[in-house]
Structures are given as C-alpha cells and as structure tokens.
Amino acid sequence: MRKITDASIHRREIDDSSFDGGFARRVRRLGVPNLSRCYQCLRCAAGCPLASAMDYTPSQIMRMATLGMKEEILDSSTIWLCASCMTCTTRCPMEIDVAGVMDALKELALEEGRGAAQKNVRDFHRIFMNIVRARGRMLEPLLLGHYKLRTRTFAQDARLGGKMVAKRKLRFYSPKIAGAKKVRAMMDAAKKKGTT
Amino acid sequence: MNATAATEKPARKYAYYPGCSLGSSASEYDHSTRAVFAALGVELEEIADWNCCGASSAHALNHTLATALPLRNLALAEAMELDIAVPCAACFSRLKTAEHRFREEPDLKNALREIVGEPYEGKVTARHSLDILFNDVGLDAVREKVTRPLTGLRTVCYYGCLLVRPPKVTGATDPDNPVSMDLLMKALGAESLDWHMKTDCCGAGLSLTRADIVSELVAKIAAAARLVQAQAIVTACPMCHANLDMRQPGALTSPSDALPVYFYTELMAAAMGIEGTAAWLAKHIVPAAAPLEEIGALPRRPRARRAGGAA
C-alpha cells in the first residue's frame, strides 16, 4: 500500500484519481453527518490511546475521509484498532463523533470485502455477530472456539485459557433465547436497510 | 451522574439487564450486584428474554443494527414501566447511545420503530448500577450496612471509558474525574487514592485479537496504580476487569506484582458481610482474597486448601 504522508500531498504525488468524490457522503450517512467540520486540530490524534499501533492517526483518517481517499482508508489498520474508548468523540471541539467515523469506515470496509490489514479483528466482529444471530445472546466459549479455528491462533493464550476453565470463568451452555428469531429478523431488516 | 425522573422519587425497583458477560466470565459481578442490591432493599427484576446489546461488534458491522439491538431491550423495559439497571459499562454505553440516537436522529427513529417492532417511546432510561447506588440509594444507606469496614485497604478506582464517555450520551458530569466509586470506597472504609489513569482505556474488545496492545495498556494502568502504592484496583466494567485481571500477570515483568482487581460490588459485599464473597473472588486470575483476609473483611481460609480454591 502506498503510504500517503503530509509531504506527499504537498508534493502533489497524488492526483485526482486517488479520490472518490462520493465517499465522504457515504460516511456522513452512517451516523456522522458533520464529518466535514473537521479542521485538523489533532486533539483526536493526541488523545488516542491506540495511536502508536495505528498506521494513520485518527486525525489523518478524518482528513482522508473528507477528501475521499477510500482505498487507503479501507486498507488501513487504524479503523480496526480503534477500541471505541470515545476519548476523541468527547474531546472533538467540532463535536464530531470521531469513533463513530471509525465505525462507519469499518462498516464500509466490510461491505466491500476489505479489512485485510487487521484480518483477525475483522473476523472477530463477524464471528461475534454470527453467534448473536444464532442465539440472541453471546456465549463466550463459542466465540473463543470459532475465533481460534478461524484464525489458527491456538498457541496464543493457551495457558490463560486453561486457567479460565479451571477457575470456571466460562459458562459452556445457556439456552437460546425466545427472542433469537426476533434478533435475526432485526439483523435482516437492518442489513436490507443497507448502508448507502 | 444522570438527572432523570427516577432520581426525584425514591425508586426502589429496576428492570435488570445483566448482559452476556455477566452470565459467564463476569458471573461474580452478576452475583455480587444482585446480592448487594437485595441487601440494600432494591429490587432488580431481570428483563425476560433480553438480547445481546451488540457490544463490541455490532457497531462495526451495521450502524442501524447497533441501535436496534439495545432498543429492543429498552422497549421490553418500557413494557415493565421500569428504568433499567445495567452493571456492564459496555452494555450501558450501547443502551445510552441507542437512546441518544433515538432522540436525536428523526429519520433513524422511524426506521427503528419498524425494525424493532416493539413500541418504545423513550419513557424509560438505562442507568449504570453504580449511578443508582450513588444517586438513588445513597452512600448513607450503604454506610449503615457496613459491618466489616475495609479499613486500611488502599484502592484506586478505575472507571475506564464507557461509564463516562461521551458525557453527552452517558450524562456524566465530570468525565475526566468521576468520583462516585471513590466516595463509595470511602463509605466502605477503604482508602481511595488519587491517580491519573481513572478513565484511560484498557483496550476493551481488542483483548482476544490484539493481546499485545491490550497488555501494553494494562501494564501502564497497573504501573500507575502501583505508583500511588495501591493494593487493589476497583472496576465497574466486566471488560476492564477481564483485561486487568487476566492480562496483568503476563503484561508485567514480574507477574507477582500484579494487583488484585475487584468489582466494586465484591468489595461492598465483603464490607457488608454478605455470604458468597469468597467464592466470587476465587474466580479471579490474580489472587484476590488475601488483602481482604488481612484486614479482617473476609474470614481466613484454612491453610490446607489449594490457593484459589475453585474446586
């Protein structure tokens, strides 16, 4: 992936074809109508506890979203590493829901089958919602099991997992709720409503 | 924290939304919350057939669904004509966000009515159980029930993110320096120390997927707690608890430095002499009984039993 820096923007290394004119509008429709009010004060980047692990800071993503730099955004790790701690949303002087922007971008990335930058995080969210879809509630051992199978990360946390079982931290069975059908119908209706 | 109609009259019954974690990895939080509320004469009626609020994945997948899932629970509580008591900070955040969106986004409101299918008019609201204890029950009522004060226990209160942020949604009056849990600890006789990571992030839902990042954040929080010579960290969120309790030993250069991490309700139960406290603490990864035994808040276990004593 081409890394776009402030310097490369000033050197005009990128041309108009790098931008998707309708992208910002799609983001705005997903619950952040005031996306374009960002004036790059950088408070979101300064306060973000995950910024050091991200490829772009939240403030860079904000600018890129406004400009319509769809490709770079949908391939970035930033949108998946946002932990929704809401520090940025709380501090934004323009009252933009910055964490909500990250959510909207995840949604768009999933819609377009992207998210390879943090495949495990992306798959975690999918598995999570599949279980909620099937049962109406989360059942943690199912989530752990499916996640481990999908990502093949069996070695990671094996000892901790053993301890959790020994301490009876996990409940292995709970009945499906009566409203599971209703939850499924809600998921279908929300999906049909679509994102764009 | 919240100024709602319920705070004006001494409401003593709430719809209870435990959420998924409290049925499994944080069952000690569920049990201690129910026990403490019962001891204080507050009735919690579990919402029949509640569904997952979607935290922390639905909002990554579909913004409409992320609002619809919690809204069904609000609708079920409205049928009970009760405000909701929510012990989980993540569930609390999703329920409050749904309320907020329902209020603020008229387009979404109509779509949601259709999708959820159950009527919700915004007559009931979600309250965090800590907020209910602090504002409705009151610390005087808590103080009256304390039989084994936690004198000498040096705690730091860790509120984390979602209990307070964003204040527009949660109604928190001081999101940078919340004090309700600190004052609660003092009411129990414990010390509550001033520290600088009260509302910092533990990495939340990245625990499984990016354990490296979570460990780094947890190590910072633990170091800040040790800096003020705390003996224990107190939380009000099952995700914060899971991360701090399970990731702390692995995140520290010396695992034996790990501080025990309590739910505030567990410490209330200990101070109120509620039975079952020791069994809840036995579920923790970082041994949590010893500091309470030392100050006489928990009866000492017979030496012969295995440390942790889960069996």
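This is a predicted model: local features need pLDDT of at least 70, side-chain atom pairs count only at pLDDT 80 or more; totals for chains, interfaces and linings use all residues.
Modeller: Residues are numbered from 1 along each chain as its sequence is written, chains are lettered from A and ligands numbered from 1 in the order in which they are written, and side-chain values use heavy atoms, leaving out hydrogens and water.

Colleague: How do you know that the span of helix 12 (residues 180-193) of chain A agrees with 1.5 Å a residue?

Modeller: The expected span is 1.5 Å times one less than the number of residues. For these 14 residues that should be 20 Å, and the end C-alpha atoms are 20 Å apart, so it agrees.

Colleague: Which residues of helix 12 of chain A are buried?

Modeller: A:A180, A:V183, A:M186, A:M187 and A:A190; buried means under 20% relative accessible area, exposed over 50%, partly exposed in between (1.4 Å probe, protein chains only). The face turned away carries the exposed A:K181 and A:K192.

Colleague: What makes B:Y29 and B:Y264 an edge-to-face pair?

Modeller: Rings of Phe, Tyr and Trp (its six-membered ring) pair if their centres lie within 6.5 Å; planes under 30 degrees apart are stacked, over 60 edge-to-face, the rest tilted. Here it's 5.9 Å centre to centre and 75° between the planes, hence edge-to-face. B:Y29 lies in helix 2 and B:Y264 in helix 13 of chain B, so the pair ties together parts 235 residues apart in sequence.

Conventions:
Helices (H or I, at least four residues) and strands (E, at least two) are DSSP runs, numbered from the N terminus.
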